[in-house]
Each structure stands twice: as C-alpha cells, then as structure tokens.
Amino acid sequence: MATISAIRDGLKTRLATITSLHAYDVLPDNLVVPAAIVRPLRGDYYSTLTNKPTDQFEILVLVALARLSTGQDALDPYLSATGASSIGAAIEGDPTLGSTVDGTLVMGWRDYGGVVIGGVEYLGVRLDVEVING
C-alpha cells in the first residue's frame, strides 16, 4: 500500500505532463499560476466495492483572475475529458501512478469560481480523484 506522500507525488508527476501547468504536491510558499495543487481529503481503510483501501484526493486548479472571461478561457481546457491540457487525460495516462497504486479515477469537478489563497484571488476549480490503494 502506498503512502499518502507517494500518492501525492504520483499525482503531481502526472499533472506535470501538462505543458505550462505548475504542479504542486503541497501548497507552495510561492504559487505560480496556472497551478494544480494536490490535497488529500480522506481515506477509507476498506472499500466494499474493491475490498481494498481507497483514498480521496482533491486537485485544486488555479488561474489568474485579471478578467473573468480570460480566466474562464484559461481554466476550461483543464476540465475537458480529452486534450493536451486535460487533467483527466493526464492522470488516466498512467492510472497506477508509476505502479504505486492499483488505479486512479478522476471522478469529476466542482466549485468553479473565486478562490483566495494568501490574500490573492484566483479563479479555480476542484477536481475529485479516487485512488484504489491496495
């Protein structure tokens, strides 16, 4: 079974395959956007569906909020199911995260809107990721 740190590292590695997206496995002191930050949410020691531990992660994607329309145009490609900027496609390119886990699924996205970090407002969205960690 992989550690939470190893899973964060694996997700960061997959996110780093997206050109121009700055991937972080922890909240950085100096955030550079566009950014994707991996955050563990919760873990289940036993899943009734898989008979294996399952961990839930969140990927917070942030872009600059100079103007709402340009921010939306910058953020939307990361939410596509396919394409060079697709977070789902990047993670599904290696769902075992380098043979660290049994599988990874990007379940969907939510909370599209303003996000304040360190007193700076960004346009952001949260993607829910489930990791089968047996």
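Is Arg42 buried or exposed? In this predicted model, Arg42 turns out to be exposed, with a relative accessible area of 52%. Arg42 has a salt-bridge partner in Asp44, and their closest N and O atoms sit 2.8 Å apart. Asp44 itself is partly exposed, at 26% relative accessible area.

That pair is part of a set of 8 salt bridges in the structure. Another one brings together the side chains of Asp102 and Lys52, again with 2.8 Å from N to O. Here the partners come from distant parts of the chain, 50 residues apart: Asp102 lies in the loop between α3 and β4, and Lys52 in the loop between β2 (35-44) and β3. Asp102 is partly exposed at 40%, and Lys52 is partly exposed too, at 33%.

Then there is Asp111, which pairs with Arg110 at 2.7 Å between the closest N and O atoms. Asp111 has a relative accessible area of 48%, while Arg110 comes in at 27%; partly exposed is the label for Asp111 and for Arg110. Through shared partners, salt bridges tie Arg39, Glu58, Arg110, Asp111, Arg126 and Asp128 into one network.

Turning to the helices, α2 runs over residues 68-79. Its 12 residues reach 17 Å from first C-alpha to last, close to the expected 16 Å. The buried residues of α2 are Gly71, Leu75, Tyr78 and Leu79. They span an arc of only 90° around the axis, so they end up on the same side of α2. In an α-helix, residues three or four places apart point the same way because there are 3.6 residues a turn. The buried residues of α2 pack against β3 (54-64), α3 (87-92), β4 (103-117) and β5 (120-132).

Conventions. Residues are numbered from 1 along each chain as its sequence is written. This is a predicted model: local features need pLDDT of at least 70, side-chain atom pairs count only at pLDDT 80 or more; totals for chains, interfaces and linings use all residues. Side-chain values use heavy atoms; hydrogens and water are left out. Helices (H or I, at least four residues) and strands (E, at least two) are DSSP runs, numbered from the N terminus. The expected span of a helix is 1.5 Å times one less than its number of residues. Buried means under 20% relative accessible area, exposed over 50%, partly exposed in between (1.4 Å probe, protein chains only). The arc is that of the directions from the helix axis to the C-beta atoms. Contact means heavy atoms within 4.5 Å. A salt bridge is a side-chain nitrogen of Lys or Arg within 4 Å of a carboxyl oxygen of Asp or Glu.
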